[in-house]
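Welcome to this short tour! Keep your viewer open and get ready to select residues one by one.

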Amino acid sequence: MSRRALRRLRGEQRGQEPLGPGALQFVLRDDDDAEEEGPKRGPGVRVPGGTGKEGVHVNNRFALINIEDLEDDAVVNGEKSDCVLAHTVASGNKARAPSGGPETKRDGDMIKTVFPEQSNVSGKLRKKKKKQRNKKSSTAETLENGLEDIDRILERIKDSSGLSHPGPPPPSSRKHVLHVEHRHLNPDTELKRYFGARAVLGEQRPRQRQRVYPKCTWLTTPKSTWPRYSKPGLSMRLLESKKGLSFFAFEHSEDYQQAQHKFLVAVESMEPNNIVVLLQTSPYHVDSLLQLSDACRFQDDQEMARDLTERALYSMECAFHPLFSLTSGTCRLDYRRPENRSFYLALYKQMSFLEKRGCPRTALEYCKLILSLEPDEDPLCMLLLIDHLSLRARNYEYLIRLFQEWEAHRNLSQLPNFAFSVSLAYFLLSQQTDLPEQELSSTREKASTLIQQALIMFPGVLMPLLEYCSVRPDAAVSGHRFFGPDAEISQPPALSQLVSLYLGRSHFLWKEPATMSWLEENVREVLRTVDAGDPTVEACEGRRKVLYQRAPRNIHRHVILSEIKEAVAVLPPEVTTQSVMGFDPLPPLDTIYSYVRPERLSPVSHGNTVALFFRSLLPNYAMEGERPEEGVAGGLNRNQGLNRLMLAVRDMMANFHFNDMEVPLEENPEGEGDWD
């Protein structure tokens, strides 16, 4: 009968047997030493430590709970002597089987089989863990001591000076003013901040399991509904590097050039279906995607328009040079090259979609990216927009920093949008409660100074601004000669265009009651300055007449792209009378062409006046025997119908009257009035 059955018959429980005075004496040893020993000699509770080895005797078995702490202390304090380690190794070697077989350990009634390889590995792992634990504790102590020393030094410095100057970081450690951050190029980052990740990525997570992993891009995220990407023949090369700047240019292969020629023919046809036909063969042709995006936008299909613009950006980003960086602010693209303009326009259209979508912070990052591609020339005049996006994104510090760094060499205060937006940024910054009281008062004073200077320099802004905000001005203000109707009428046309652009875009930023009361205070202060005869008023009037005589071409291009009705209405006649293409609005006069479009030769262009007339009305028209333009939609049935109409017109004009005289065209010997 087993011991368990005997205990049950007696009514005893395990662990209640009478124990002798030395029965609860244990020997604490390392686990690796225990594994390296041979089979235990007996089932007793006391395990001898071996000759020459003194074990730690424990009279309470619950004291073994903290056995690891005891082992760690023994290792740290170096209590294990060399003789003990030597004895442990010797005993392990003696107990090891000669054939490398498993070792057997007996623990009470249980028999454990331990393989020697496992015991060695586990012992080494335990030793490594102990050493790492000791190293971590020692390094943590040294770090804490070092931090305490640094804190003491800083406290001594503060005590000796009495003041602490947090201030901005030194200029060397600050990033470039046009530095772009990758994470802000993704609109999902901004939407997550507004609505949470679950609301933004809720629909995207199931689709990610089945998606094909395309090339990683920063500007757009490829969609599963897009055609499979294959290189369309678009590439980028490095032109030169000088003064820390790298100049790049996009290039078109021969196949891409042929697609570009077909695109120009399709645009001349005034038929969007022709562009759709071209995209079926060249699904990643950039100009076709942008032009079709405009067509969808005019038809109020905003989702499709945005999708086509993103596909165009993806096509161009896949063609980037390995050294081209979006974030450094040192990569340049010359707008005079037609191949580079598509990238500018694609970025601008994407920025407009992001602003309408409610992502002004992401749109600001795109604006900085466009400005960094050619900041000196600024072909799309992004300086007329970056202040608006900064205020909408509530990034007041960035707008103030840009104004402070560029005012010296760019005269940003001479632009109405910067003159009013920077002062508004200072005022909105002074409304924040997390700043010290002294800093708030100085910021408010700076805002008042700047808004007074802006009102003196641009007095024609006030009355239209109040009208936009549905605010009726005081009689003292509206009847004053400085802010009256003469102020708006007397300003130059170029300045009127800038004012209309700013008010049409940013007037709603001034509708807050606190902003209006602050503006009213400064308007009254300006009136007192004008009545006092301050010479600054006369100087600003002279500058207005000299500086704003004629707007440059990039401002007109910006107005066309902005599509703000108030600004488009005041464009000069030399701009409104010429044809403006959506894929290339107002190209530079000094364009650098890398290849030229071949001339279109057709028999219609030689002397057939009626055919030229129909060609001007219907670009798809083709005479009999004339081959239609390649890449243009429209079948033979359409051309045959037009040819029949042409024959009917010829029959009708068989007899033509000159001065009430009937002169048949076919019988005219001298060929006068020959229409064929």
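Start by selecting Phe320: in this predicted model, its relative accessibility is 16%. Buried means under 20%, so Phe320 counts as buried.

How far apart are the ring centres of Phe320 and Phe343? They are 5.5 Å apart, and with the planes at 90 degrees the pair is edge-to-face. Phe320 lies in the loop between α11 and β5 (331-333), while Phe343 belongs to helix α12 (residues 338-357), so the pair ties together parts that are 23 residues apart in sequence. Select Phe248, Phe250 and Phe324 as well: together with Phe320 and Phe343 they form one aromatic cluster.

Next, show helix α11, residues 302-317. Its 16 residues reach 22 Å from the first C-alpha to the last. Of these residues, 13 are buried, so α11 is largely enclosed by the rest of the structure.

Arg311 lies over the face of Tyr284, at 5.9 Å from the ring centre. Tyr314 is buried, with a relative accessible area of 4%.

A search of the whole structure finds 18 aromatic pairs. One of them joins Tyr314 to Trp226, tilted at 50 degrees between the planes and 5.8 Å centre to centre. Trp226 lies in the loop between α7 (197-201) and β3 (234-242), so this pair ties together parts that are 88 residues apart in sequence.

For a last stop, pick Asn274 in helix α9 (residues 272-281). Asn274 is buried, at 0% relative accessibility, and a polar contact of 2.4 Å joins its side chain to that of Ser269.

Methods: Residues numbered from 1 in each chain as written. Predicted model: local features only at pLDDT ≥ 70, side-chain atom pairs only at ≥ 80, totals over all residues. Heavy atoms only, no water. Helix = DSSP H or I, 4+ residues; strand = E, 2+ residues; numbered from the N terminus. Expected span 1.5 Å × (residues − 1). Buried < 20%, exposed > 50% of the residue type's maximum accessible area, 1.4 Å probe, protein only. Polar contact = N/O pair within 3.5 Å; in protein donor to acceptor, adjacent residues only side chain to side chain. Phe/Tyr/Trp six-rings, centres within 6.5 Å; stacked < 30°, edge-to-face > 60°. Lys NZ or Arg CZ within 6 Å of the ring centre and 35° of its normal.
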